[in-house]
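Work through the following exercises with the model at hand, and compare each step with the solution given.

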Amino acid sequence: MVDIAFGPEPGKRPDPASASEVYLDMVRRKRMYGGILLVLFLALLASGWMLADQRNAGGFWNGLPQTPDFPAEVLSEAWANRANLPGLLWSYIPSLIETLNIAAVATLIGALMAAGLSLLATRGLARWPRLIPVFRRTMDALRAVPEIVIALVLIFVIGGGPVPAVIAIALHTGGALGKLFSEVAENADLKPVEGLSSVGATWGQKMWLGVIPQVAPNWVSYALLRLEINVRASAILGFVGEGGIGHDLKLAMQWGQGRYDEVVAIFLLLFLAIVAIDRVSDSYRHRLVKGTL
Amino acid sequence: MTSAVLSPALVSGVTRSFARKRRIAMAVPAMILAYLIYAAVSFDIAGLMQRARFDNAAILLSDFWSHKTHVTRDNRSGALTVAIEGESKGTYPPGMLPDWVTVSGDVTTIDLGTGHVVTYDGAGARFVVPGYGTIDIRPVGGKPVLTAPEPIPGWISVAQNKVSVKTPAGRFSYSRSKVETFRYEPGWELWFFTLDSPLYGKSFAELAALAVSGNRIDAARSNLALMASEFWTNRMWRHGDVAWAIFETVLMAFLGTMTGALVALPLSFLAARNFMPLGPLRFAARRVFDFIRGVDGLIWTIILSRAFGPGPMTGAIAIAITDTGSFGKMFSEALENIDEKQIDGVRSTGANSLQRARFGVLPQITPVLLSQVLYYLESNTRSATVIGAIVGGGIGLLLTQAILTQKDWEEVAYYMVLIVLMVMAMDSLSGWLRRRLIKGDGA
């Protein structure tokens, strides 16, 4: 019986009397498991890369020396036509504004949607507590659908332009922000809400006056972070679908040689816009969370 | 009573501050509204409503849950073809017809159900619509001539060379060159087995019986293996290719995220204030991360697909590079927030800097690190779909191709469902791993 319970080799078992030996044995076992896991993980990673390399049209080792070729070609052509660059930069400003507008409108609509959904899905605040799971699953579903799927289907129905991208990004943002908003709202202090209930406030008044002022800094901070993400998403959607600077980039790329100065102008504008937005939102978020605003 | 105690200055100050707050509370929604109106004008919403093709939406929705079978007769040669969705992959082989189509001599009878019957014969074609009458079409001098009860309703459209009839049971059109009938049926066609498969049209009970019976349809392998391979190589839905594409997408996300994290981890020490005393080097490392993040996945993807060609590896490298920037920034922030005491403790045992990093630093940042990596793994699965569409790999490519042909909407619906399931699966996997690895029992 004892053998069955404790294993056949009693000699190998750590002696509970010496604590340090038990401890070291445990540490060794833990390290061994950790090491095995690490080796497995690295093997998985390496075999994954090998598989991906096989399925790729060009191999990794052939491609590696060619990586700088394309940027070099583009840059040298742009350098030869550098006199055009300021004019080109200026001419793509409207497309850039469209891309930024897509991101901003989508973030705004998505955040408003997320605010409503998250309040309805937060325990303790929900208008209809029984429907909390419904609103949660709604947010999960909105988050799970990639933007490109909605955008491409909408392009087929309502035609090209910025609106499909806005709707696609807004829906996804609603789901993604809804989850974060609801986590913030869960931690809100309920005392103001109780105070408002005692004077007979409606649900809307309780939320607007009791909860929103508490969660606003964090919500705005999350929404700004989402804006950064959405600017990138809007550029990518333009490249795959239609609308904004991404679309111009695709046209210039398809043209290829002879229009590389335009490619460089678009790259530059996109880069500067993304860095600028990251910077502004970073410092603003910092101030929001630290509470100096 | 109490107001007497308050000084007038305080009262006026509070009143003013309240008034200002109230103005701000009004101004913010007003500004949001103004911006949305500006956006609506600049996006040309009004023009969009006119351009919108709601008939496309109807096609899309009906394709999402149903399929149609074309019964076509070539009016010149008299040849009859029955094809699902009008595709060559779905054409009924000679001698095989759906049970609602009967052919005797040159007379073809198509039963559309609920009393709707279409007949093709030597004289032309007839369509019996219950509650209305018989629509009779005969070619006269090469042009179709319609005889039907007057007045002709709106669902029959007569043009010079073509007569089309639209009923809930199916659609019918007669032109100079051919006569065609579409029958709509719910469900996705040939989802399990195509028409050329010996298993086509068998019910689940029959299939189950076949799977356990010893009589082999194909002598070379068991019935179960035959079923699996017929399903896997289904030419209409290409289940095998789709499964590969899903795997490729997940592979791209996994390789990109993990490689990005592995590269960013050592680099992030360079960008952390408490590990890199040399200001200029720290500054340089941070600018490198900023640059990588600023260039953005889209541009990296374009540059890399020029060098490495289309495929999943290109996508994985693009994700890895982009994530190196994001992870580098986040990891270095995590490193700056660690507790120095633990490192001092390890240092007091005479550990060198590598050992200090391993035993003093890593255990502290692992939870933050893991949770961020897992979060990115999930979000990269979604990005990999888009990147796949650009680099030409994975489910993103299949989806964009299916959408661009604007025909196979049932396939689009299928891919969409698969993508959502894939993302949800990765979401729960990463959530589960996060709970196990971070809050778990320390295993």
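Two residues are taken to be in contact if their C-beta atoms, placed from the backbone, lie within 7 Å. This is a predicted model, in which local features need pLDDT of at least 70 and side-chain atom pairs count only at pLDDT 80 or more, while totals for chains, interfaces and linings use all residues. Residues are numbered from 1 along each chain as its sequence is written, and chains are lettered from A and ligands numbered from 1 in the order in which they are written.

**Exercise 1.** Describe the contact between chain B and chain A, and the make-up of the side that chain B contributes.

Solution. Begin with the residue counts: chain B gives 54 residues to the contact and chain A gives 46.

**Exercise 2.** Characterise the overall form of chain B.

Solution. Chain B holds twelve helices and twelve strands. Its radius of gyration, taken over C-alpha atoms, is 34 Å, well over the 22 Å that the globule rule (2.2 Å times the number of residues to the power 0.38) gives for 443 residues, so chain B is more spread out than a compact globule. Along the principal axes, the C-alpha atoms of chain B fill a box of roughly 100 × 80 × 50 Å.

How values were computed
Helix = DSSP H or I, 4+ residues; strand = E, 2+ residues; numbered from the N terminus. Nonpolar A, V, L, I, M, F, W, Y, C, P; charged D, E, K, R; others polar.
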